[in-house]
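Work through the exercises below with the sequence and the structure open. Each task is followed by its solution.

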Amino acid sequence: MTTYTAPLRDMRFVLHEVFAAEKTLTALPGFEDVTADVMDAVLEECAKLCQNVLHPLNQSGDQEGCTFKDGQVTAPKGFKDAYKQYSEGGWCGLTANPDFGGQGLPEALDYFVAEMVGSANLSFGLYPGLSQGTMLAIAAHATDDLKKVYMPKLVSGEWQGAMNLTEPHCGSDLGLLRTKAAPNGDGTYNVSGTKIFISAGDSDLVDNVVHLVLARLPDAPEGSRGISLFLVPKMFVNADGSLGARNAVSVGSIEHKMGIKGSATCVMNFDGAKGWLVGQPHKGLACMFTMMNKERMFVGAQGISQSELAYQNAVTYAKDRMQGRAADGAKYPNKSADPIIVHADIRNKLLYARSVVEAQRALTLYAHMQVDISHRHPDAATRERADDMAGLLTPIAKAGGSGFGSEITNLCLQVFGGHGYVREWGMEQMVRDVRITEIYEGTNTIQSLDLIGRKLGLGGGRLVKGFMAETDAVVSRLQGRNDLAEFVGPFKDARAKLAACTQWIVEQSQKDPNLRSAVSNDYLRMFALTCMAWMWVLMVESATAKKDSGDSFYDAKLHVGRFFMTKVLPQIASLDGMIRAGSAPAMNLPEALF
Ligand SMILES: Cc1cc2nc3c(=O)[nH]c(=O)nc-3n(C[C@H](O)[C@H](O)[C@H](O)COP(=O)(O)OP(=O)(O)OC[C@H]3O[C@@H](n4cnc5c(N)ncnc54)[C@H](O)[C@@H]3O)c2cc1C
């Protein structure tokens, strides 16, 4: 049996002390009332729901899984009631526009909700999680008529959204997709094709599912330039808003998976299903990116959520499990052995987990605040800078949160020894559940190719230059501080290595077409580690200001930050070496010799 306590203290620390969120957010039009008290109240309510309602269903949901019978998908026991509480609490429309019944709160808060819900129950979180991106895409790109019909019910949580990209022969390469949309001549389209792996494609939690579907019009150009986006409801909606007949949308089957078994992953059949165009013809991929960027951040938060859950449970176990004696003398001489937390190796694992989780949390919050600023700041140049930063950090937050999430969850399982491998303690579920976060919403390799192939080059390198300017300002402000030298120094070195490596990649990739693919994952990891070091510098700056307060929270921050700088960040040196080895080590072996 696992336990989960929402890390509210740490969340409040990054929100209020590190990023002064109240000052930043209340200055944005529409967020004037989002005071620190409001934010804290939202976090506390969410924590209660997660701890008391969602987490108790985590293991039972995994064991029971979803079922599919007579064309109907059923979520595990308890999910329907929990979802009712979730939607009635207004959580589905937390960030949605109040014109549609939403609460109009910042993305920054939504990140914490996603993290807490993910820790409590990763499978459950996918149902409302997919609706979030659906709402954003509809609000940004659909006609007013479509918004009027679909937004209020998505916001209230009475209906859910689903994202239909993947087909059997078409995963990472969306240019291959074959689903067709034929115009009916009355402004609607008949959508035909099969989509696979569709999360929350159907369930018994809601009466209607609003599918956003990528498909090709008859005159579509080949490849990704010929993709359009359609809204295809499971049930038609009558003029008075009530549900009408069933559309030609059905579930073919559900997948039997390694993890997230409480989340329905559906094969969706569209057999001439009636749909409505969203956005312009052939521009569907760009519209879908409104949803995908949101979901990518969400998946990063899912990775962090499992790291946090795994860390919490591993600490409890390490303080309880008695094996061996401390190397520097027995700590509990009256007992038959010491708890395993006395061993340096166990501490290495726990501190690796914690130092990464806390930095990732700060970074992901920062990225979400950039999204809020990019949407609402009155000054256009500030909006553009924030948009650049959010764009640069999206693949890093997704692949960093999920990649380190998998690594950390595995390390925390190791703390349990054999007891981690058996079902009873719940650690093996976390390892199975978190694994998908590295794959869906664009694999982590696809994220790294987005970073290295697209984001680096945008606007003549404007995004990276913005990042370098922002972090340079931090170094310049703090490098004279002797009390922070052990943090600022390593960050400065990491930043310099990242800058030099970026330059090297830009130059070499012009000569070597395989270079980007050969180094992209290592480069993203190097970038993520540098970002985490940046976050640690900001966090220890805040903690140092309070170190004489008598609150041990701040002492712990300094210790954990020190661990990161000395035991995690040095990975950058080996990544640098691996990147500079180029593509030859991977490419020189002829295919036939594999
Ligand atoms: C549980 C689950 C839920 C999902 N939910 C959804 C959903 O809600 N909606 C939806 O549309 N899809 C969903 N997916 C699909 C998911 O997004 C895809 O599985 C993912 O994008 C990868 O596609 P693929 O599986 O076809 O792998 P492929 O694209 O075949 O990739 C196979 C391998 O090749 C690598 N690769 C591919 N192209 C390149 C390249 N150019 N360079 C280097 N390496 C490359 C990949 O990184 C991967 O390691 C879900 C999948 C699962 C398993």
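**Exercise 1: the shell around the ligand**

Strand E5 gives the most to the shell around the ligand, with 3 residues. The model is predicted: local features need pLDDT of at least 70, side-chain atom pairs count only at pLDDT 80 or more, and totals for chains, interfaces and linings use all residues. Residues are numbered from 1 along each chain as its sequence is written.

Task: find which elements each supply at least two residues of the shell around the ligand, and which residues come nearest.

Solution. 
- Step 1. Strand E3 (159–164), E5 (188–199) and helix H14 (444–455) each supply at least two residues. Helices (H or I, at least four residues) and strands (E, at least two) are DSSP runs, numbered from the N terminus.
- Step 2. There are 20 residues around the ligand, and Leu165, Gly171, Ser172, Phe197 and Ser199 come nearest. A residue is near a molecule if its C-beta atom, placed from the backbone, lies within 6 Å of it.
- Step 3. By class, the shell has 8 nonpolar, 10 polar and 2 charged residues. Ala, Val, Leu, Ile, Met, Phe, Trp, Tyr, Cys and Pro count as nonpolar, Asp, Glu, Lys and Arg as charged, and the others, Gly among them, as polar.

**Exercise 2: H10 and H11**

Task: describe how helix H10 (residues 344–376) packs with helix H11 (residues 380–415).

Solution. 
- Step 1. The two axes come within 8 Å and cross at roughly 160°. Axes are lines fitted to C-alpha atoms, for helices over the stretch in contact, and angles run from 0 to 180 degrees between N-to-C directions.
- Step 2. H10 and H11 are therefore roughly antiparallel; the term covers angles over 145 degrees.
- Step 3. H10 passes H11 in a left-handed crossing. Left-handed applies if the near helix is turned anticlockwise from the far one by less than a right angle, and right-handed if clockwise.
- Step 4. The contact holds 20 nonpolar, 8 polar and 3 charged residues.

**Exercise 3: two partners of H6**

Task: which residues of helix H6 (residues 107–120) meet H10, and which meet helix H9 (residues 284–320)?

Solution. 
- Step 1. The axes of H6 and H10 come within 7 Å and cross at roughly 145°, in a right-handed crossing.
- Step 2. Glu107, Ala108, Asp110 and Tyr111 in H6 meet residues of H10 including Thr364, His368 and Asp372. Contact requires C-beta atoms, placed from the backbone, within 7 Å.
- Step 3. H6 and H9 pack at about 50°, with axes 8 Å apart.
- Step 4. Tyr111, Ala114, Glu115, Gly118 and Ser119 in H6 meet H9 residues, among them Phe298, Gln302 and Leu309. Here the contact divides into 6 nonpolar, 5 polar and 2 charged residues.

Key
Angles under 35 degrees count as roughly parallel, over 145 as roughly antiparallel, 65 to 115 as roughly perpendicular and the rest as oblique. Two residues are in contact if their C-beta atoms, placed from the backbone, lie within 7 Å.
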